[in-house]
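Please look over the structure shown below before reading on.

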Amino acid sequence: MKKILIALALILAVQVADAQTKSVDAVKKSVESAEADAQNPKKNTKVATWLKLASAYVDAYNAPTGNIILNSPRMQIQMMLGQERPSSSENVVIDGMNFKKDVYANKNLYFDETDVLRIVEVTKPVYEDALASALNAFVKAYEVDAKKSKEKDIKAGIQDIAQKYFNDGMNQYSLGDYKTAADLVAKAATASETAPYSVVDTTALYNAGYIYWAEKDFDSAKTYFEKCLANDYYYDNGEVYAKLGDVYFNLGDKAKGVQILETGFVKFPQSQSILIGLINYYLESGENTDRLFELIGEAKKNEPNNVSLYYVEGNIHKQLGNREKAIAAYKECAVVDPNYDFGYHGLGAYYYDIAVELSEQAAQELDDAKYQALVKEYEQYLIDAIEPFEKAFEITQNPQVKLNCAEYLKQIYYRFSSVEDKYMQGYNKYNEYVKANAQ
């Protein structure tokens, strides 16, 4: 599962408990006392009673982690924990990264290779879902607060619970328990929408949908992706449309899936995820791929000067194997906008890809005349790629595009470096750039 697709607009918040964190026995007594008050008819109509109960459950939630602060060095964590010591330690690998796992009676702490605390895993909570009980108490407090005198405090409390759910979800995601992670992030979204806080957390909605999708729980994924769209949240160039379309395909509703993708394509024609979804659908279904170009045409009518539409058109023809039309579309980008670097890069990359295909064909060809013809054609496409790559290298403001162009040009010039001195000079130029800028 590629975690780079997770929308981390909300960074894992540092969880800091009260400086005078209560013991497990103390928080249990506080919860029992607050629960007794909540059952008392003389007290359960008062907002203070429910705020006390909410606070008691939040303390219970915080108890296992105490004063621990995420992203602190081990020495500082040891000071925070006082006399508490781990029962064992072991080296573990999580998502390809090395961690030292310290095992305590009620939690596991994961330190990275620099000895900094990165993950806190509570293994023995005081109550299984203290946050749910705290949230219910805040809801009740809002109900009995006729004058709304404590609305600000209730909002802050609910916001804190939503953030804690989200943090816990991201922790579980880091640990590889994706089902639990999705459920917790979904709870964060639900908590955030709870009155009086009533905030739609689109980041939580998307993350819940994404993790459910990755876990192939498509029914749940559909719920959260549709909520994203209902709240005009599309994430990263329309990624929600791409994922939701795939969800419907997997649920067997192909008509709805393609409708979602086409809607997304109109709004985000440059989205590769949506485009690939549409291309795959039309190729696999056997339906007329002309529909893709109808969509492009409609988009061009609305935005005739949108150069990215011509670039997308080139990509579609490339995917469909329409070589001449793809080249023509990439070249049209320069007509619409001479400073559009992706058009030049797309053309150069396509020429290079064709050259690679011809090289592979030549390697399999036994007839010498045909072999020589393929090599000649292969070399011509490599030479044709130089000009668009150099133009993209010259005008782009994107360091990654510039480096990518240099990588291509370095390889092409090296291929001909023994033919003419200008090619060796070109190789040296771009090789030096790559060495100076590659990370």
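**Sheet, packing helices and a loop residue**

Lys101 has Tyr110, in S3, as its bridge partner. The model is a predicted one, and this pair belongs to a part of the sheet where strand S2 (residues 97–103) and strand S3 (residues 107–111) run antiparallel and are joined by 4 bridges.

**The sheet**

- The sheet is open and is formed by 4 strands in the order S1-S2-S3-S4, with antiparallel pairing.
- Strand S1 (88–94) and strand S4 (117–122) each have a single partner strand, so these two stand at the edges, and one side of each is left without a neighbour in the sheet.
- From one strand to the next, the twist averages 25 degrees.

**Helices on the sheet**

- Helix H3 (residues 74–81) lies across S2, S3 and S4, and its direction runs at about 155 degrees to S3.
- Helix H5 (residues 151–175) also packs on the sheet, where it touches S1, S3 and S4, and the direction of this helix makes about 105 degrees with that of S4.

**Thr194 in its loop**

- Thr194 is placed in the loop that lies between helix H6 (178–192) and helix H7 (202–214).
- Is Thr194 buried or exposed? Thr194 counts as buried, because its relative accessibility is 15% and the cut-off for buried is under 20%.
- When neighbours within four places in sequence are left aside, Thr194 is in contact with Leu135, Val139 and Ile158.

Technical notes: Residues are numbered from 1 along each chain as its sequence is written. This is a predicted model: local features need pLDDT of at least 70, side-chain atom pairs count only at pLDDT 80 or more; totals for chains, interfaces and linings use all residues. Side-chain values use heavy atoms; hydrogens and water are left out. Buried means under 20% relative accessible area, exposed over 50%, partly exposed in between (1.4 Å probe, protein chains only). Contact means heavy atoms within 4.5 Å. Two strands pair if DSSP finds at least two bridges between them. Axes are lines fitted to C-alpha atoms, for helices over the stretch in contact, and angles run from 0 to 180 degrees between N-to-C directions.
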